[in-house]
Amino acid sequence: MARYKGYTILNVSGLTIGLATCFLLFLWVKDELAYDRFHPGYDQIYRSQWKARFGENEWEIPLVPVPLAGTLEDVFPEVEHATQVYEGAMSLKKDGDFIREPNVLFVDDDFFRVFTVEPIAGNPATALKAPNTLLLTEETAHRYFGTSADVVGKTIRQNDGTVWQIGGIIKQWPEQSHLRFDFLAALQNLPHIERRKADWGSASCLTYFATKAGSDP
């Protein structure tokens, strides 16, 4: 090794780079395989896809018609719960300015039966039944109120004048989640979704369903 320093440096450098690359690839694959596995029964949760053709146009997207969720529960005995999710945004007032918040999920009651939501304050399953109510993650509560304690009952104003009341604080989901949110609101706050309850022709929202144990997907 001392006699052939250049050859030694070349081989040791190649070995080091190769091992480092393999280690980084291992960490990346491990991170990718961890996505959405923090939910109990994650292997029984599915997302619906809409594959369609209209004239010369074809598409396959995760947005599906609104009636699908109820139909899944009514028609397929293998489906235990189906939930609808709409990915939206809001402009909310903070320190005199309106801040664009891109991570707002509008959800229905079954969201809390399909997915795991850990409460810090308030009851997530019942809080959203009240109109114009928001659930905030702990980080978001700190961002708006400087604390996550004694926040329930306080209000935030939207740029259109709507006043939202804080119904609860919930724990942030891990980074390994394909769904991201800082706020949860009730789906019933969206009139255009409510109008499409019988419309099979509109790509409207994400629909997830959990199958019963032992059923064949």
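1. Which residues does phenylalanine 112 touch, not counting residues up to four places away in sequence? They are Val107, Val117, Pro124, Ala125, Leu128, Leu135 and Leu184. Bear in mind that this is a predicted model.

2. Phe112 also belongs to the largest nonpolar core, which has 21 residues. Val107, Phe111, Phe112, Phe115 and Leu184 have the most contacts inside this core. At least two of its residues come from each of β6 (97-107), α3 (111-114), β11 (183-186) and β12 (205-211).

3. Now the aromatic residues. The structure holds 11 aromatic pairs. In one of them, the ring centres of Phe115 and Tyr208 are 5.2 Å apart and the planes stand at 80 degrees, so the pair is edge-to-face. Phe115 sits in the loop between α3 and β7 (119-121), and Tyr208 in strand β12, so the pair ties together parts 93 residues apart in sequence. Phe115 is buried, at 5% relative accessibility. Tyr208 is buried too, at 2%. One aromatic cluster takes in Phe38, Phe111, Phe112, Phe115, Trp173, Phe181 and Tyr208.

4. Serine 91 is in strand β5 (residues 79-94). Its relative accessible area is 12%, and buried means under 20%, so Ser91 counts as buried. Leaving out residues up to four places away in sequence, Ser91 touches Phe98, Ile99, Arg100, Arg157, Gln158 and Asn159.

5. Last, the surface. Phe23, Leu24, Phe26 and Leu27 form a nonpolar patch there. Together they have about 440 Å² of accessible area. Phe26 is in helix α1 (residues 5-33).

Notes. Residues numbered from 1 in each chain as written. Predicted model: local features only at pLDDT ≥ 70, side-chain atom pairs only at ≥ 80, totals over all residues. Heavy atoms only, no water. Patch = residues over 30% accessible without salt bridge, like charges linked within 9 Å, V, L, I, M, F, W, Y side chains within 5 Å. Areas by Shrake-Rupley, 256 points an atom, 1.4 Å probe, with all protein chains shown as cover. Salt bridge = Lys/Arg side-chain N within 4 Å of Asp/Glu carboxyl O. Helix = DSSP H or I, 4+ residues; strand = E, 2+ residues; numbered from the N terminus. Buried < 20%, exposed > 50% of the residue type's maximum accessible area, 1.4 Å probe, protein only. Contact = heavy atoms within 4.5 Å. Core = buried A, V, L, I, M, F, W, Y, C linked by side-chain atoms within 4.5 Å. Phe/Tyr/Trp six-rings, centres within 6.5 Å; stacked < 30°, edge-to-face > 60°.
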